[in-house]
Amino acid sequence: MTADIEISNVSKRYGAMTVLEDLSLSIKAREFVVFLGPSGCGKSTLLRMIAGLETVDAGEIAINGARIDHLPPGQRGVAMVFQSYALYPHMTVRDNLAFGLQNIGVSRDVIDARIHEAARILEMSHLLERKPGQLSGGQRQRVAIGRAIVKEPKAFLFDEPLSNLDAALRTRTRIELAQLHQRLQSTMIFVTHDQVEAMTLADRIVVMNNRKIEQIGAPMEIYERPATRFVAGFVGAPAMNFIDVTLDRSGANATAAFAGGISVQTDIDTADLSEGAYTFGIRAEDVRIVASGQGNTDGTVDVLERLGERTLVYARLNDGQQIVGSDAGNSRVAVGDTVGLSFDGRKAHLFDESDRAWHAREG
């Protein structure tokens with residue numbers, strides 16, 4: 001089974017505080033959608049509203065065309081995997097998997113078949129007779145996912161399920177989740193504040209901030225063409241460079257002029273831009289480190305981050321503005337050096353006073 005999920009004009013309030021406001025979203029069957037945003041943006045609340053763990057104050061939620069926001073959680077056809085594993089410590093893995101099905105009167109034969117299939121999918125057949133205390137964190141998380149699989153839900157809901165795992169295990173479990181989605185071909189919704197999880201898992205990312213959706217799109221669309229300054233700064237590591245500029249609109253494409261006489265020619269059509277102040281945005285990989293005097297401007301190196309395949313160079317301009325650029329992994333640049341910074345204006349973004357983003361036209 002799988003599900004189309006339709007969220008229409010949903011709002012949620014706690015007393016005088018509005019958590020979500022008039023939010024609408026369509027999720028297609030078999031799609032892997034990630035809700036991404038900072039703490040407090042409403043992403044987990046929205047997931048819990050789909051699951052039936054939070055009430056809907058306004059609007060509707062439907063699965064496969066049937067409204068479900070008035071139904072109790074057990075009748076919605078969804079299964080939720082929580083940040084905490086919530087396993088029964090006195091039960092074996094097998095009994096943890098069976099418990100929910102036994103409570104709704106599923107026959108023993110069906111339960112055994114579903115447990116066998118979930119254990120096969122998750123490669124944990126050898127763990128079925130162990131208790132949670134005998135399992136690693138990653139194995140406990142597999143059991144929590146297995147408990148969702150045996151319900152054969154229309155949709156899986158994941159509420160930051162990897163946040164309790166160490167870095168190496170988080171990476172491995174993330175890959176396992178991607179493979180699980182490919183095998184099950186189920187609708188999956190995954191909540192996280194971790195952009196790497198979002199970029200690597202999602203078919204589409206829903207970026208949330210301050211009670212609303214900032215942007216919905218495929219991972220690289222979100223990365224390369226952010227809709228707002230918030231999205232541009234939140235998605236990507238390091239965060240996008242932002243510099244206040246004045247614009248020269250005399251040509252077909254806008255030229256951004258920095259303080260100190262620096263200018264960068266963009267590919268952004270002047271005709272697209274309204275009047276007003278703009279902020280120039282560019283990612284670190286589009287600011288190349290070159291010899292002093294050879295780029296758009298020079299900067300003094302404050303900090304180096306050597307990441308193996310590339311080196312991030314934090315350079316300070318004469319006006320005190322810090323710019324992050326990118327050099328080769330074996331960069332010979334040192335702290336205190338004066339380096340040139342070469343901006344790729346084709347990859348530049350402009351943000352207006354309302355924080356809306358403007359890009360070069362596609363194609």
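Arginine 142 and glutamate 176 pair through their side chains in a salt bridge, at 3.2 Å from N to O. This pair connects distant parts of the chain, 34 residues apart: arginine 142 sits in helix H4 (residues 137–149) and glutamate 176 in helix H5 (residues 167–184). The model is predicted. A search of the whole structure gives 17 salt bridges.

**Salt bridges**
- Glutamate 176 has a relative accessibility of 25%, so it counts as partly exposed.
- Glutamate 54 and arginine 48 form a salt bridge through their side chains, at 3.5 Å from N to O.
- Glutamate 54 is buried, because its relative accessible area of 19% falls under the 20% limit.
- Arginine 48 is partly exposed, with a relative accessible area of 26%.
- Aspartate 344 meets arginine 346 in a salt bridge, at 2.9 Å from N to O.
- Arginine 346 counts as exposed, at 58% relative accessibility.
- One network, built from salt bridges with shared partners, joins Lys12, Arg48 and Glu54.

**Nonpolar cores**
- The largest nonpolar core holds 45 residues.
- Val34, Ile145, Ile149, Phe158, Leu177, Leu180 and Phe190 have the most contacts inside this core.
- Helix H3 (residues 108–122) supplies the largest share of this core, with 6 residues.
- Another core lies apart from it, with 29 residues, including Ile5, Leu46, Leu47 and Ile68.
- Leucine 177 touches Phe32, Ile145, Phe158, Leu162, Phe190 and Leu201, leaving out residues up to four places away in sequence.

Key. Residues are numbered from 1 along each chain as its sequence is written. This is a predicted model: local features need pLDDT of at least 70, side-chain atom pairs count only at pLDDT 80 or more; totals for chains, interfaces and linings use all residues. Side-chain values use heavy atoms; hydrogens and water are left out. A nonpolar core is a set of buried Ala, Val, Leu, Ile, Met, Phe, Trp, Tyr and Cys residues joined through side-chain atoms within 4.5 Å. Buried means under 20% relative accessible area, exposed over 50%, partly exposed in between (1.4 Å probe, protein chains only). Helices (H or I, at least four residues) and strands (E, at least two) are DSSP runs, numbered from the N terminus. Contact means heavy atoms within 4.5 Å. A salt bridge is a side-chain nitrogen of Lys or Arg within 4 Å of a carboxyl oxygen of Asp or Glu.
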